[in-house]
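Open the structure in your viewer and follow along. We will go through one stop at a time.

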Amino acid sequence: MKTNTVVRLARRPRGAVTTEDFTVRDEPMPEPGEGEFRVATRYVSLDPAMRGWVNEGRSYVPPVGIGDVMRAFAAGHVEASRHPRFREGDAVTGLFGAQAFAVSDGEGVSVADTSLAPLPTWLGGLGMPGLTAYFGLLEVARASRGETVVVSAASGAVGQVVGQIAGIVGCRTVGIAGGPRKCEFLTAELGFDAAVDHRGGSLREDLATACPQGIDVDFENVGGPVFDTVLAQMNRFGRVALCGLVSTYNATEAPPGLKNVRAILVMRLDVRGFIVFDFRERYDEALQALAGWYKEGRLRFREDIRADGLSAFPTVLGELFTGANFGKLILEL
Ligand code: NDP
């Protein structure tokens, strides 16, 4: 009998996630009802946000309950359908959860055009991270030609797209990343104007050298000391698109405060947090732009695909918080 492998939340993690925080078990195969379809998952997206989703407390989505299937974006093929819009064989992406098979009613599900880009790309540059980069940079931070844009976690899923879009709109693009390999990738392969290694021990000086005209836009993915260093070099009327605070997601107590808050006042900075879901109504517009640039060869996406299966879910997820991933992190089943 065919079974379904399912990752469920076993308990609320404290600090970094461990294998004990999840169960990975075989369960009966779910059957689609009328108006539903079953997808065979091929790729599960690993996102820093997952660390927040398993915490108790106020957030932009309810926490994953203990015993629930772990919430996850995933991509696969429809293999049985009783839904009028989805046919067997369709390549689809959606919040299918960390499991080998999922039943869906189609809400929030997109059909992926695999003639344009391979399926994993629809979880990365042409998926949620790409949309985040697009709206965060162009709508939240309002980056425009001639400005200097700094993006942290720059070689990651969101950051790599931010820097490339900034280049397309005519900005000077500076990426902050961990280690020389990632920095080299940003300038040599993605066309960033400069890259700065936050592990190099001289972030403040290196950033100042990379941004001789100061910083107009900070696309903030990391928080903590990296964010603090950028804040101190922002120009008057600069904008911060506060996208993520990945350096703090495993914290077990309140992380230390920022030292350079005064820059927000004296430089009259506009600091705005956002969640990509806020732009749900405009996904099609963004996808059209992203797909167009990709087709023209102006956007490239690096994925880090691990063919380790669902049992590796907790360990691979943990790599997002040590910088061991290099590109959009995806688990292949
Ligand atoms: P990435 O692919 O960028 O992976 C995470 C990266 O963060 C690591 O590779 C590492 O890069 C960096 N990092 C981790 N810990 C630290 C630390 N302590 N100090 C400095 N850098 C660190 O992830 P994503 O692109 O998927 O996500 C990037 C950010 O965007 C996250 O904060 C995420 O929560 C946020 N996000 C927000 C969304 C929204 O709607 N607001 C939607 C999607 C993502 P390195 O080796 O370079 O240090």
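Begin with the second largest pocket of this predicted model. About 900 Å³ of space lies inside the second largest pocket. To find its centre, select Phe73, Gly108, Val109, Ser110 and Tyr283, the closest of the 29 residues that line the pocket.

Next, colour the secondary structure. Five elements each give at least two residues to the lining of the second largest pocket: strands β5 (91-94), β6 (101-104) and β7 (110-111), and helices α2 (128-140) and α8 (283-295). Now colour the lining by residue class.

Move on to the ligand. Which residues come nearest to the ligand? Select Lys182, His198, Asn221, Val276 and Asn325; they come nearest among the 28 residues around the ligand.

- Val158: a polar backbone atom sits 2.8 Å from an oxygen atom of the ligand.
- Cys243: a backbone N or O atom is 2.9 Å from a nitrogen atom of the ligand.
- Val276: a polar backbone atom lies 2.7 Å from an oxygen atom of the ligand.

On its own, the ligand has 920 Å² of accessible area, and the protein covers 92% of that. Then select α2 and α3 (157-168), the elements that give two or more residues to the shell around the ligand. Helix α2 also supplies at least two residues to the lining of the second largest pocket.

Finish with the classes in the ligand shell: 16 nonpolar, ten polar and two charged residues.

Note on methods. Residues numbered from 1 in each chain as written. Predicted model: local features only at pLDDT ≥ 70, side-chain atom pairs only at ≥ 80, totals over all residues. Heavy atoms only, no water. 1 Å grid on protein atoms, 1.4 Å probe; cavity = no way out; pocket = protein on both sides within 12 Å on 5 of 7 lines; lining within 4 Å. Points joined across faces, edges and corners; volume = space filled by probe spheres on them. Helix = DSSP H or I, 4+ residues; strand = E, 2+ residues; numbered from the N terminus. Near = heavy atom within 4 Å. Polar contact = N/O pair within 3.5 Å; in protein donor to acceptor, adjacent residues only side chain to side chain. Areas by Shrake-Rupley, 256 points an atom, 1.4 Å probe, with all protein chains shown as cover. Nonpolar A, V, L, I, M, F, W, Y, C, P; charged D, E, K, R; others polar.
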